[in-house]
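Here's a quick tour of one protein chain, put together for someone just starting out. Keep the 3D view open while you read, and click on each residue as it comes up.

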Amino acid sequence: MMRLVDFSYEQYQKALRQSAGAVVIILPQAMSSVPQDVVRQFMEIEPEMLAMETIVPVYFAVEDDELLSIYEQTQAASASQGSASAAEVLLHTATANGFQMVTSGAQSKAVSDWLITSVEGRLTGLGGEDLPTIVIVAHYDSFGVAPWLSHGADSNASGISVLLELARLFSRLYTYKRTHAGYNLLFFASGGGKFNYQGTKRWLEDNLDHTDSSLLQDNVAFVLCLDTLGRGNSLHLHVSKPPKEGTLQHAFLRELEMVVASQFSEVQFSMVHKKINLADDMLAWEHERFAIRRLPAFTVSHLESHRDSLRNSIMDVRAWVDTKALTRNTRIIAEALTRVIYNLTEKGAPADLQIFTEQMEIQEEQLESVMDWLTSQPRAAQLIDKDSTFLNTLEYYMGRYLKDVKQHHVKADKRDPEFVFYDQLKQVMNAYRVKPAIFDLLLALCIAAYLGVAYIAVQHFGLLYKTVQRLSLKTKQQ
């Protein structure tokens, strides 16, 4: 048993080498109380724990009074044995209380018919059928070493929060004829993002390969992916191919730079260019799914590298997300996107013009409440089925602002599955107070000794009784 604050990879490996019955890692109820260096250390270890194959089961449990009591008793027992004499150790071993941990639940089995679900909706532009389309994407699922503890606050509840706020803002602009722009806006909350963006991959296949007409086939201006936007004072535009001058994606890059420079001087902005490596099993960012299909796409994130351990950790909790930073990043993206859609720079609008003010203000309270809702539940892909309350609520929320809102389902190919999920991800562990095996042995020896003494005593008593009787008879005869 290990507490998170005392956890180390060396201890973990030692337990595995000793063929422990199981490893239980105890997490604090309030993750915000964990020191940052401990959080960072565990996040760096997490990928190695996931990659290491072991026959020893590993459990994560949130601390409570009973669990802490068990932990403290086992630690005290271990500490006393280290400093005691051999006789004291033997006596303590025989008399100390131990705990037998038993889990309920059957052996985990593969779930063959699990569906990954995504939700899409749109705002149709004004001015004809052949309008360019801007696609706004964010994956909603989370990931970590323990699915039931994966709340994915920054990655990627923050991205979904920004997507929903953009849907609200542009639905208002598209309500009035004088602000109804000549662009279709397609919003996509994708599932399976942590499993190589499977929801996005199948959605693209269905729209590009298996249908005669879709917004993705006609005229895609660019795809904007939102990922990890809830912390820090930096923003990065991740691209697989630098946008060419004169294109709309290049205009968006320039607008982002201008909005940050003129209105948010505390933010450091840069473009990060990384080519797609098809030899890798996992893609770096969601925009790469679109780039593979020759659609211009990029990802906005406060992370400079896709390898940051924050993206796949149970340590990514609500307490670490800065609502003010999230609100600021939402404003930057919304302002830049609006300037592109309405061509404001070409029309002479000043760089420091703030578009979203007064009635069109970015709603920090709403962003905060959406973040609270998203992080109140684990969102690992293998926990969210097509009928889950989470998906129904997400679909309802998007339906308040968008048209043609619907779910898109993905099932793994039975012949060559790209992902396999298993059941029994959460189990109840019962602790029973027991005596060690040596206690039973010593107890048996004591009982045997007691019976032996009793037998000898009875034998001696019988002999004494016969002797007394003989003496009594001789006395009468005399």
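UniProt, in an unreviewed entry, puts the feature "domain: Peptidase M28" at residues 132–293. Keep in mind that what you're looking at is a predicted model. In that model, the span of residues 132–293 is 36% helix and 20% strand, and its end C-alpha atoms lie 17 Å apart.

**Helix 5**

- Is helix 5 mostly covered or mostly uncovered? It's mostly covered: 20 of its 21 residues are buried.
- Asn156 lies in helix 5, and the peptide bond leading from Ser155 to Asn156 is cis, with omega near 10°.
- For background, most peptide bonds are trans.

**Helix 10 meets helix 11**

- Helix 10 takes in residues 323–341 and helix 11 takes in residues 364–374; their axes come within 10 Å and cross at roughly 115°. That crossing is right-handed.
- Which residues make the contact? From helix 10 you get Thr323, Lys324, Leu326, Thr327 and Thr330, while helix 11 brings Glu364, Leu367, Glu368 and Met371.
- Sort the contact of helix 10 with helix 11 by class and you find 3 nonpolar, 3 polar and 3 charged residues.

- Slide along to the loop between helix 10 and helix 11 and you'll find Tyr342.
- Is Tyr342 buried or exposed? Its relative accessible area is 15%, and buried means under 20%, so Tyr342 counts as buried.
- Setting aside neighbours within four places in sequence, Tyr342 is in contact with Leu173, Tyr174, Thr179, Ala181 and Lys347.
- Gly182 is 160 residues away from Tyr342 along the chain, yet their C-alpha atoms are separated by 8.3 Å.

**Two residues with a positive phi**

- Most residues other than glycine have a negative phi.
- Thr228 isn't a glycine, but its phi is positive, near 50°. You'll spot Thr228 in the loop between strand 9 (220–226) and strand 10 (234–239).
- Thr228 counts as buried because its relative accessibility is 0%.
- Asp404 isn't a glycine either, and it has a positive phi of about 55°. Look for Asp404 in strand 13, residues 403–411.
- Asp404 has a relative accessible area of 53%, and the cut-off for exposed is over 50%, so Asp404 is exposed.

- Gln217 sits in helix 7, residues 215–218. Its relative accessible area is 30%, so Gln217 is partly exposed.
- What does Gln217 touch, leaving aside its neighbours within four places in sequence? Gln217 is in contact with Asn207, Leu208, Thr211 and Asp212.
- Glu66 belongs to helix 3, residues 65–83. With a relative accessible area of 56%, Glu66 is exposed.
- Where Glu66 and Gln459 are concerned, 393 residues apart along the chain goes with a C-alpha separation of 52 Å.

Terms used
Residues are numbered from 1 along each chain as its sequence is written. This is a predicted model: local features need pLDDT of at least 70, side-chain atom pairs count only at pLDDT 80 or more; totals for chains, interfaces and linings use all residues. Side-chain values use heavy atoms; hydrogens and water are left out. Axes are lines fitted to C-alpha atoms, for helices over the stretch in contact, and angles run from 0 to 180 degrees between N-to-C directions. Helices (H or I, at least four residues) and strands (E, at least two) are DSSP runs, numbered from the N terminus. A crossing is left-handed if the near helix is turned anticlockwise from the far one by less than a right angle, and right-handed if clockwise. Contact means heavy atoms within 4.5 Å. Ala, Val, Leu, Ile, Met, Phe, Trp, Tyr, Cys and Pro count as nonpolar, Asp, Glu, Lys and Arg as charged, and the others, Gly among them, as polar. UniProt positions are given in the numbering used here, feature names are shortened, and annotations may be inferred rather than shown by experiment. Buried means under 20% relative accessible area, exposed over 50%, partly exposed in between (1.4 Å probe, protein chains only).
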